[in-house]
Amino acid sequence: MLIEIFTDYIRNKKDLRDYVEIRKGINERGEFNDLKLIRIQENLERLQRESPEVYAGMYAVLEEVFRRNAGQEFEYPLDFARETLKMYHTHQTPQDILDEYKMVLEHKYQTLN
């Protein structure tokens, strides 16, 4: 149940600070602690302000991953969140992280022809 809620928050660009509060009432272990979830939210907000094209690109890749559906739907929002966590906390630029994230379309979630 928790992953479905997390997926909804990620895909629909909902504020993860609200998710932090909601999950306190659910007796399941999540992938990220509260501080990381808040950092993901803050990174997304900063990205939207400072690099709206990269922000849009990150979500475009996420939606393409869902469209291709390689049968691991629970991993898609987690991968997106992991990439978002890197923003502003590594030597990589947001564009570098987007370019790296795009590579999942060539590997993990490519369609079978």
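View 1. The model is predicted, and local features need pLDDT of at least 70, side-chain atom pairs count only at pLDDT 80 or more, while totals for chains, interfaces and linings use all residues. Residues are numbered from 1 along each chain as its sequence is written, and side-chain values use heavy atoms, with hydrogens and water left out. The Glu 45 side chain meets that of Arg 17 in a salt bridge, at 2.3 Å from N to O. Arg 17 lies in helix α2 (residues 16-23) and Glu 45 in helix α3 (residues 34-50), so the pair ties together parts that are 28 residues apart in sequence. Arg 17 is also partly exposed, at 30% relative accessibility. A salt bridge here is a side-chain nitrogen of Lys or Arg within 4 Å of a carboxyl oxygen of Asp or Glu. Helices (H or I, at least four residues) and strands (E, at least two) are DSSP runs, numbered from the N terminus.

**View 2. The salt bridge between Asp 8 and Lys 14.** The closest N and O atoms of Asp 8 and Lys 14 are 2.4 Å apart. Asp 8 is partly exposed, with 27% relative accessibility. Lys 14 falls in the partly exposed class at a relative accessible area of 36%.

**View 3. Glu 64 and Arg 68 in helix α4.** A salt bridge joins Glu 64 to Arg 68, with 2.8 Å between the closest N and O atoms. Both residues belong to helix α4 (residues 52-68) and sit four residues apart, about one turn of the helix.

**View 4. Surroundings of Arg 68.** Arg 68 is partly exposed, at 23% relative accessibility. A polar atom of the Arg 68 side chain lies 2.7 Å from the backbone oxygen of Leu 105. This is a polar contact, meaning a pair of N or O atoms within 3.5 Å; within protein, one must be able to donate a hydrogen and the other to accept it, and residues adjacent in sequence count only if both atoms are side-chain atoms. Leu 47 is 21 residues from Arg 68 along the chain, and the C-alpha atoms of the two are separated by 25 Å.

**View 5. A network of salt bridges.** The residues linked in this network are Glu 31, Glu 75, Asp 79 and Arg 82. The model has 14 salt bridges by the rule used here.

Methods. Buried means under 20% relative accessible area, exposed over 50%, partly exposed in between (1.4 Å probe, protein chains only).
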